[in-house]
Amino acid sequence: MRQIDEGKVLELMTSYEACGVINPISVDEELVLIAGAHRLEAAKQLGWETIEAKVFDEDDLLNTLRQCDENLIRNDLCYISTGEHILERERIITSLGKRCERGSNQYSEDDDSITTDDLALRIGLTNKMYRTKRQIAELIPETRNALRGTDYAKKSLNDLLNLCRQSPEVQKRVGELANKDPKQALRFHIDSAKIEIHTDREKSQLVQELKEKWGVPMAITRFDREDHQLARICRQVTKHTDCRIIKGDVSGREVPNYSGFVDHSLFLLEYFVRHPESKILDNFMGKGTNVMAALWKGMEVVGFDLNPRNVDRVWDVADEHFPEGKYSLYNEDGITMQPLKDEQETFDCIITDPPYLNCPDKYTDEPEDLSNLDQDHWVEQMREAFKAYHRLIKPSSVKDKVFYPLMMKMKADPTEEAWTDAMGEALKRQKKAVNPIEEGTLHPVIMKMNASRRSDTGMVSMDFILAKVAEEEGFTLWDRTFNTLAPIAVSVSTLRNYDFHYTQKNWETTLIWIKQ
């Protein structure tokens, strides 16, 4: 029922030549193969004319089938054993040629076709869940044996499905890593194995692919959690048990504290900073997403965080994957930034994600941690941070940049082709800017933030508050972008939102300031 794995066949051939057949194949009375396709193929490729086999008669198969059903209905099997039982059950039913109609006795003498719906119904599953659980049996034998009966096999169905889609090399390595460190999530081990085994795209190629995905940089964008080498490196921090903080549970799914989208961070650095040798500051680095993106771009990074576990883990991952990178990480307050108290106009860019205002995320027990402050004290602390930003960021040279309006003549034709033609004509007529900003003269302060609702006081928006604070401290608001999200809480908050007459928030704001 599964495709032959040539690697497994070669292993068996070597074993057969050394030891012979240890486990016979299984066939029915008509010599139809029930189990042992790889063993049979290995014998054929060795040129053998015979192989030891165990022949099951109809009574044997029916007894085995009933045992499979009993085990599945009892529902105390792990996902791996469940998948194996389902696959074995289908093999036996196929071998028996026993088919039954819905509503008939479980194993009748009828020859009518049986559907997946029938097979699923008899063990209390939907068609979709039945096929999902069957898929777990596609893991290679070494990995199934390594994970069988573990918490991974009992609780991590989605991660097991993800593992099924990986190459045999990755599956085998995940089994080894899971046995070595069972505290980590299975997704963490999958990332670790893929990082070890696969040579990922060149850095410049990844950036180019992301550029193609961004297209024309719009003010409203979306960044998903992609699966490339940089994303896997970031997950070595965000998914590590020392750093992962679960703040709640939604419909049986754990909700961790916020962690950034590395593609978003990479876009912000690529679009607003650009120079690979720029010096970057992240004074609320958390789990280091901005740090890793900057190191990937070849930039020098300074990071601060109050959580020592975050700092240690970010440092370990950076050491492993960016051994030539330049970075300094401090387990200190990101407001005062004492190690930088004597620095002036040092940084080409400040990019950071401060703990959200009025947000349920809690990161440490430190009283000065922004996540533990009320709104008034939070604003006071952020004002101090912006004073430090004004001292630390380099000035931007933008006064000589001249902006011209782009005039378009639009017709009643609403087609995309008509729009493109009109844009082309407008660009031909547009005046060229005088003294445009040269690369390296824009030094932004980039900050991602949210909005929240506070009972009868209504909506509190970080961007409005921080835009005012930044202006008072001498900054110019240069750009505002929005990142659309797919909030996990939608399933449990829809009715509440309807009752209170407000929509589900599915965006976060990014503000970009400069010092002139």
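**A covered helix**

Modeller: Helix 14 (residues 262-272) is mostly covered, with 10 of its 11 residues buried. Buried means under 20% relative accessible area, exposed over 50%, and partly exposed in between (1.4 Å probe, protein chains only). Helices (H or I, at least four residues) and strands (E, at least two) are DSSP runs, numbered from the N terminus. This is a predicted model, where local features need pLDDT of at least 70, side-chain atom pairs count only at pLDDT 80 or more, and totals for chains, interfaces and linings use all residues. Residues are numbered from 1 along each chain as its sequence is written, and side-chain values use heavy atoms, leaving out hydrogens and water.

The buried residues of helix 14 are Val262, Asp263, His264, Ser265, Leu266, Phe267, Leu268, Leu269, Glu270 and Phe272. An α-helix has 3.6 residues a turn, so residues three or four places apart point the same way. Arg274 follows helix 14, and its phi is positive, near 80°.

Next, a strand. Ser461 sits in strand 13 (residues 459-461). Ser461 counts as buried because its relative accessible area is 11%. Beyond neighbours within four places in sequence, Ser461 contacts Asn450 and Ala451. Contact means heavy atoms within 4.5 Å. Leu357 is 104 residues from Ser461 along the chain, yet their C-alpha atoms are 8.4 Å apart.

Now another helix. Asp319 belongs to helix 16 (residues 308-321). Asp319 has 40% relative accessibility, so Asp319 counts as partly exposed.
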